[in-house]
Amino acid sequence: MVDFPPRRKPSRKGSMADVPKNLLEQIKELERLFTIDQAKLKEVTEHFVKELEKGLSVEGGSIPMNPTWVMGYPDGHETGTFLALDMGGTNMRVCEIILPEEKGEFEIIQSKYRMPDELKTGDSEELWEYIADCLQQFIEYHHEVEDLEQMDSKLPLGFTFSFPATQDFIDHGVLQRWTKGFDISGVEGKDVAPLFEAALQKRKLPVKLSALINDTTGTLIASHYTDDTMQIGCIFGTGCNAAYMENCGSVPKIAHYNLPPDMPIAINCEYGAFDNEVIVLPRTPFDVIIDNDSPRPGQQAFEKMIAGLYLGELFRLVLVDLHDNKCGLFEGQDISKLRKAYSLDASFLSYVEEDPFENLSETAELFVNELSLRASKPELELCRRLAELIGTRAARLSACGVAAICKKKNIESCHVGADGSVFNKYPHFKARGAQALREILDWPKGKRDPIDIRAAEDGSGVGAALIAALTIKRVKAGNLAGIRNTEGMI
């Protein structure tokens, strides 16, 4: 997760009048590199549609298009008490969600636990032990029981495991690859459910893993629970992703299950991997550096251009290049702090874009405090423009994935539930993305946008609980497609 400063009202108009010619030339070059016009947006979207289709095929493609075994939306009448565990990049969250009789309502109790950095590259067993320990603390505190074994029944749990995973069953998931800075050996290619369940059993916790889900799928389900016009769930944060409801008959790679062709199944796209082959993505030399220096070169090409984890690094690489090779930016100053990889995150760009003062005094202060650099007014103007270019490119490219799903499914009007720190907190991200959608889909001016991206419900908490509830409902109805272990569910 990327931490952003509090939102402020921007009031600055800005001026390039006092920017010297050499810096103006560099700004124009940056605009050439980072600007994506309407024609390019449409080209990216058309290729995106083809790649979504390819991902659903037996052969597969760069975009995994993982079936989730979430077979339809909640109807609003799900009831009961459920646990939700959200394993994110920075924090871990444990929730207890009560779904009452009232349609579309819920109550939530939650606690957050920091995900220690050493666990992200440590030992597999230590990770699951830590997660089980947090769960135990939560249950003991909120249920006030001395002996957990004496609880009347096991609490059904929806586990939000927000990493690419292949699922043959909803209560199972084989990790395809670590993302978000995790790189724990011995887990990729393995089913994470037994690893997690072993840690639960070791502590004799009264918990039944009912569903293993991705946060994006949870976002789709939770958002539809409170607004039935929501047809796509998206995440624009540390990473990027989308989920939507497909018909089983349109997913050739699950044809061997012989499911009714019109039965719905949620697809977790994992489309951060779109165009790993770099056929249409307009990468700059700085995007290439980010990819080459990443733990997984050649993977997550789309994500590396739009996700919060990389926006600050893009900004940093450009500034270092301008200092070293181009126009003597910050000339005569020690830029050692700026040379540290990933020392700037997306919140730095957010702060620069939101500086409301004509003289960019807050940006100047930020550079002094964070980087020990004293920037001239023209240098500050360049930094401001660079932040705008990087932020705008991310928002415009993010719209391509949404537009591609809408084109594939022939969706002409819907709400899209979006979550994530970049969507919620990065200045102008929503407006820039909406403008890109208008350009891609050729909507007439002056009318309300038929596809509206808006803030999602809590996917990793409420969504996980709802999916656990839906799974139990299916077990009771005898619809066991994609459920491996029904013992203890009813």
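Colleague: Is Phe 302 buried or exposed?

Modeller: This is a predicted model. Buried means under 20% relative accessible area. Phe 302 has a relative accessible area of 0%, so Phe 302 is buried. Phe 274 also has 0%, so Phe 274 is buried too.

Colleague: How is a pair of aromatic rings described?

Modeller: Two values do it: the distance of the centres and the angle of the planes. Planes over 60 degrees apart count as edge-to-face. The ring centres of Phe 274 and Phe 302 lie 5.6 Å apart, with the planes at 85°, so this pair is edge-to-face.

Colleague: Which parts of the chain does that pair link?

Modeller: Distant ones, 28 residues apart. Phe 274 sits in the loop between strand E11 (264–268) and helix H7 (285–292). Phe 302 sits in the loop between H7 and helix H8 (303–306).

Colleague: How much of helix H10 is buried?

Modeller: H10 covers residues 346–353, and seven of its eight residues are buried. Among them are Ala 346, Phe 348, Leu 349 and Val 352.

Colleague: Which residues have the most contacts inside the largest nonpolar core?

Modeller: They are Phe 34, Tyr 271, Phe 315, Leu 319, Phe 330 and Phe 367, in a core of 125 residues. Helix H12 (residues 377–408) gives the largest share, 17 residues. Another core lies apart, with 35 residues, among them Trp 128 and Trp 178.

Colleague: What does Tyr 271 touch?

Modeller: Leaving out residues up to four places away in sequence, its contacts include Phe 48, Ile 63, Phe 236, Phe 302 and Val 402.

Colleague: How far does helix H14 reach?

Modeller: Compare the span with the expected one, at 1.5 Å a residue. H14 (residues 429–441) has 13 residues and reaches 18 Å from its first C-alpha to its last, close to the 18 Å expected. Just after H14, Asp 442 takes a positive phi of about 55°.

Colleague: What do the buried residues of H14 pack against?

Modeller: Their partners include helix H2 (38–56), strand E9 (230–236), H10 and H12. Phe 429, Leu 437 and Ile 440 are among the buried residues of H14.

Key
Residues are numbered from 1 along each chain as its sequence is written. This is a predicted model: local features need pLDDT of at least 70, side-chain atom pairs count only at pLDDT 80 or more; totals for chains, interfaces and linings use all residues. Side-chain values use heavy atoms; hydrogens and water are left out. Buried means under 20% relative accessible area, exposed over 50%, partly exposed in between (1.4 Å probe, protein chains only). Helices (H or I, at least four residues) and strands (E, at least two) are DSSP runs, numbered from the N terminus. A nonpolar core is a set of buried Ala, Val, Leu, Ile, Met, Phe, Trp, Tyr and Cys residues joined through side-chain atoms within 4.5 Å. Contact means heavy atoms within 4.5 Å. The expected span of a helix is 1.5 Å times one less than its number of residues. Rings of Phe, Tyr and Trp (its six-membered ring) pair if their centres lie within 6.5 Å; planes under 30 degrees apart count as stacked, over 60 as edge-to-face and the rest as tilted.
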